[in-house]
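Thanks for asking me to look over this structure with you. Please have the sequence and the 3D view open while you read.

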Amino acid sequence: VKAQVLLSRRSISPGVIDGVDGENFRKAVAQFRRQEKLSESEELDEVAWRGLGGDTVQDVVVEYKLSDKDTDYDFADDIPRDYAKQAKMKRLSYTSPQEMLGERFHMSERLLMELNPGQAFTEAGSGIYIVSGGRSLQKGLAKRIDAVKSTGMVVVYGEGDTILASYPATIGSKNTPSLSGQYKVTR
């Protein structure tokens with residue numbers, strides 16, 4: 001969890017923060033290593049861990065007080081899988097407090113529940129534990145954005161090919177292939 005939060009703070013998304021050593025986490029570690037000009041690998045070794053601040057950062061899990069707005073939210077009973085039915089709905093609401101809070105704090109519902117056993121998330125003013133993944137954006141302007149099919153990553157580069165941010169992405173499929181080539185973003 002700590003490594004995922006620290007990567008997220010660097011704008012290198014490991015996907016949803018869930019504490020699982022999965023494909024998106026490994027892609028993020030590899031991207032961090034590229035950003036820091038470390039050896040090519042998906043492994044979070046001691047050098048990468050220190051580079052992330054793993055031994056020094058302590059504010060990874062913090063307390064959050066549920067607000068009236070959080071507890072008064074009008075949750076949907078169900079969201080249909082059929083897009084045509086979804087289009088007819090007034091809005092696509094969250095279906096539970098766990099879904100809403102997990103999405104807000106970029107963490108899995110399972111991790112939210114593990115950090116808050118027995119919590120119903122329905123009482124305003126009650127404290128819950130969440131991951132503190134607030135990003136500190138890398139300095140610099142984006143000069144290029146690459147959608148890399150082979151790695152399933154979108155990478156934002158700044159001056160001198162410095163990696164400013166990266167995110168896992170589904171980039172096409174057999175049924176709906178993505179275009180290849182170079183494109184200029186004008187707006």
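My notes follow as numbered points.

1. Ground rules. This is a predicted model, where local features need pLDDT of at least 70 and side-chain atom pairs count only at pLDDT 80 or more, while totals for chains, interfaces and linings use all residues. Residues are numbered from 1 along each chain as its sequence is written, and side-chain values use heavy atoms, with hydrogens and water left out.

2. Overall make-up. The protein has seven helices and five strands; helices (H or I, at least four residues) and strands (E, at least two) are DSSP runs, numbered from the N terminus. Read from the N terminus, the order is α-α-α-β-α-α-α-α-β-β-β-β. The C-alpha trace spans about 50 × 45 × 30 Å along its principal axes.

3. Surface and contacts. The accessible surface comes to about 12100 Å², and 50% of it belongs to carbon and sulfur atoms; such areas come from the Shrake-Rupley method with a 1.4 Å probe, and for residues only the protein chains shown count as cover. Of the 187 residues, 35% count as buried, where buried means under 20% relative accessible area, exposed over 50%, and partly exposed in between (1.4 Å probe, protein chains only). Taking contacts (heavy atoms within 4.5 Å) between residues at least 6 apart in sequence, 46% join residues at least 24 apart.

4. Helix α1. Please look at residues 2-9: seven of the eight residues of this helix are buried, so α1 is largely enclosed by the rest of the structure. The buried ones are Ala3, Gln4, Val5, Leu6, Leu7, Ser8 and Arg9. They pack against α2 (23-35), α3 (46-52) and β2 (127-131). After the helix comes Ser11, with a positive phi near 65°.

5. Val61 belongs to strand β1 (residues 61-65). Is Val61 buried or partly exposed? It is partly exposed, because its relative accessible area is 37%. Together with Val1 and Tyr129, Val61 forms a nonpolar surface patch with about 240 Å² of accessible area. Patches are made of residues with over 30% relative accessible area and no salt bridge, with like charges joined within 9 Å and nonpolar side chains (Val, Leu, Ile, Met, Phe, Trp, Tyr) within 5 Å. A salt bridge here is a side-chain nitrogen of Lys or Arg within 4 Å of a carboxyl oxygen of Asp or Glu. Beyond its neighbours within four places in sequence, Val61 is in contact with Leu115, Tyr129, Ile130 and Val131.

6. Leu66. This residue sits in the loop between β1 and α4 (68-71). Leu66 counts as buried because its relative accessibility is 3%. Leaving aside neighbours within four places in sequence, its contacts include Thr71, Leu101, Phe121 and Ile128. Leu66 and Ile128 are 62 residues apart in sequence, yet 7.3 Å apart in space, C-alpha to C-alpha.

7. Ser96 lies in the loop between α5 (83-87) and α6 (97-104). With a relative accessible area of 15%, Ser96 is buried. Its contacts, aside from neighbours within four places, are Phe75 and Glu109. In α6 itself, Pro97, Gln98, Met100, Leu101 and Gly102 are buried, and the buried residues of α6 pack against β1, α4, α7 and β2. His106, which follows α6, has a positive phi near 55°.

8. Aromatic rings. How many aromatic pairs does a search of the whole structure find? There are three; rings of Phe, Tyr and Trp (its six-membered ring) pair if their centres lie within 6.5 Å, and planes under 30 degrees apart count as stacked, over 60 as edge-to-face and the rest as tilted. The rings of Tyr64 and Phe105 are edge-to-face because their centres are 5.0 Å apart and their planes stand at 65°. This pair links distant parts of the chain, with Tyr64 in strand β1 and Phe105 in the loop between α6 and α7 (109-115), 41 residues apart. Phe105 counts as buried at 16% relative accessibility. Elsewhere, ring pairs link Tyr73, Phe75 and Tyr94 into a cluster.

9. A charge over a ring. Arg144 lies over the face of Tyr157, at 4.1 Å from the ring centre. The test used is NZ of Lys or CZ of Arg within 6 Å of the ring centre and within 35 degrees of the ring normal.
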